[in-house]
Amino acid sequence: MSVPRRIAVAGAGLIGRRHIELINASPDCVLAGIADPSPAAKEFAQTRTTPWHSDHRTLLAQEKPDGLIIASPNALHFQMVLDCAQAGVPALIEKPVTDTVAAAQRLCAAIRRTGVPMLVGHHRRHNPIIKAARETVATGKLGQLTAVVGLWLLKKPDDYFDVAWRREHGGGPLLINLIHDIDNLRFICGEITEVQALTSNKVRGFAVEDTAALLLRFANGALGTATVSDATPAPWSWELTSGENTAYPKRDQPCYILSGTAGSLSVPNMELWSYAREPGWHAPLSRETITPPAFDPLAEQLRHFLAVIAGHEQPLIAVEDAMGTLAVVEAVSEAARTGQKISPGQIMEQAA
């Protein structure tokens, strides 16, 4: 039997603790340590007799893990990944890969120099629902893709914003939440080439948005809309429709609708609508339900990360790919600020 990999975690907040649970549940790895300066993280580690460090550099030097999961605030990702690259330690980086495209570009250059594999935690690409939706589009069951609708609407509790960085620039639902949906839509439908957007902070008055409306143009010619708000009671979000995380009450509703010349697909309830015979609005539509297998995408992501560390698999989401998703989100923010159409390519060029 192979020796379990020693995996450390930087950041013991909500998602960091979920990663720790998965490490502890896996027979293929063990928790090498936690890096997080907060007193709560120190207590969390000590009650579990887990090595604790206030700084990730100390953890890398003293614990010498086989891999590091970076679940820290967005602004800290760049330096942590850079330090991992220089130490020769592969990292799994929670999304977004960095807080800016410019930082991601510098990170790509550093990773190319060192050759250390890095995986970005857009974990929903590991979800069999997303994989099935991508296959449905790729195999032509929808015909030529024409229109895409994305919704992320729910109400965050007030105490969510007790954490200061969630009220500040870079901490709003565009970069924390909608970035997942943008990545899903890129993965399923292809590259996004142009965006227009409006944002509002009317509900809470924080420095970050609580609501946004987007227009999207895809490279294949399809047009899309995406609406996001973290201030409304609603069932139309990945969290509440997918059943991916049991902490959220599941609702039998879609959060994406993908439409083409031959059919339409609602996701994640995976209802495929098309005409059985001659098409036309007076003809009855037929409905087929696609049933992907069920498993935890975060657990699959950890398995994949261990395979990346071992050199058996290439990262499903490399830093350069994740930078493409981040560029779309930055384009959304710039389009909302200027009132103009913005392309992710422009964002890349300006950051270079």
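How many helices and strands does the protein chain have? The protein chain has 11 helices and 14 strands. Both are DSSP runs, numbered from the N terminus: helices are H or I with at least four residues, strands are E with at least two. The radius of gyration is 21 Å, close to the 20 Å from the globule rule for 352 residues, so the chain is as compact as a globular protein of that length. That radius is taken over C-alpha atoms, and the globule rule is 2.2 Å times the number of residues to the power 0.38.

This is a predicted model, in which local features need pLDDT of at least 70 and side-chain atom pairs count only at pLDDT 80 or more, while totals for chains, interfaces and linings use all residues. Residues are numbered from 1 along each chain as its sequence is written, and side-chain values use heavy atoms, with hydrogens and water left out.

**The whole chain**

Along its principal axes, the C-alpha trace spans about 70 × 50 × 40 Å. Buried residues make up 51% of the 352 residues. Buried means under 20% relative accessible area, exposed over 50%, and partly exposed in between (1.4 Å probe, protein chains only). The chain exposes about 16,300 Å², and carbon and sulfur atoms supply 53% of that area. Accessible areas come from the Shrake-Rupley method with a 1.4 Å probe; for residues, only the protein chains shown count as cover.

Contact means heavy atoms within 4.5 Å. Among contacts with a separation of 6 or more, 65% join residues 24 or more positions apart.

Ala8 sits in strand β1 (residues 5-10). Its relative accessible area is 0%, so Ala8 is buried. Leaving out residues up to four places away in sequence, Ala8 touches Ala32, Gly33, Leu59, Pro65, Gly67, Leu68 and Ile69. Ile70 is 62 residues from Ala8 in sequence, yet their C-alpha atoms are 8.7 Å apart.

His122 belongs to the loop between β6 (118-121) and α6 (128-138). With a relative accessible area of 2%, His122 is buried. Beyond its neighbours within four places in sequence, His122 contacts residues including Lys95, His180, Asp183 and Gln301.

**Backbone details in loops**

Lys95 and Pro96 are joined by a cis peptide bond, with omega about -10°. Pro96 lies in the loop between β5 (91-94) and α5 (101-114). Another cis peptide bond joins Val267 and Pro268, with omega about 10°. Pro268 is in the loop between β12 (264-267) and β13 (271-275).

Met270 is also placed in the loop between β12 and β13. Its phi is near 55°, a positive value in a residue other than glycine. Lys64, in the loop between α3 (56-63) and β4 (67-70), has a positive phi near 45°. Is each of these two residues buried or exposed? Lys64 counts as exposed, at 59% relative accessibility. Met270 counts as buried, at 0%.

**Cysteines**

Which cysteine sulfur is closest to that of Cys84, and how far away is it? The table gives the values.

| Cysteine | Relative accessibility | Closest cysteine sulfur |
|---|---|---|
| Cys84 | 0%, buried | Cys108, 15 Å |
| Cys108 | 7%, buried | Cys84, 15 Å |

A disulfide is a pair of cysteine sulfur atoms within 2.5 Å. The sulfur atoms of Cys84 and Cys108 are too far apart for a bond, because 15 Å lies between them. The count is 0 disulfides.
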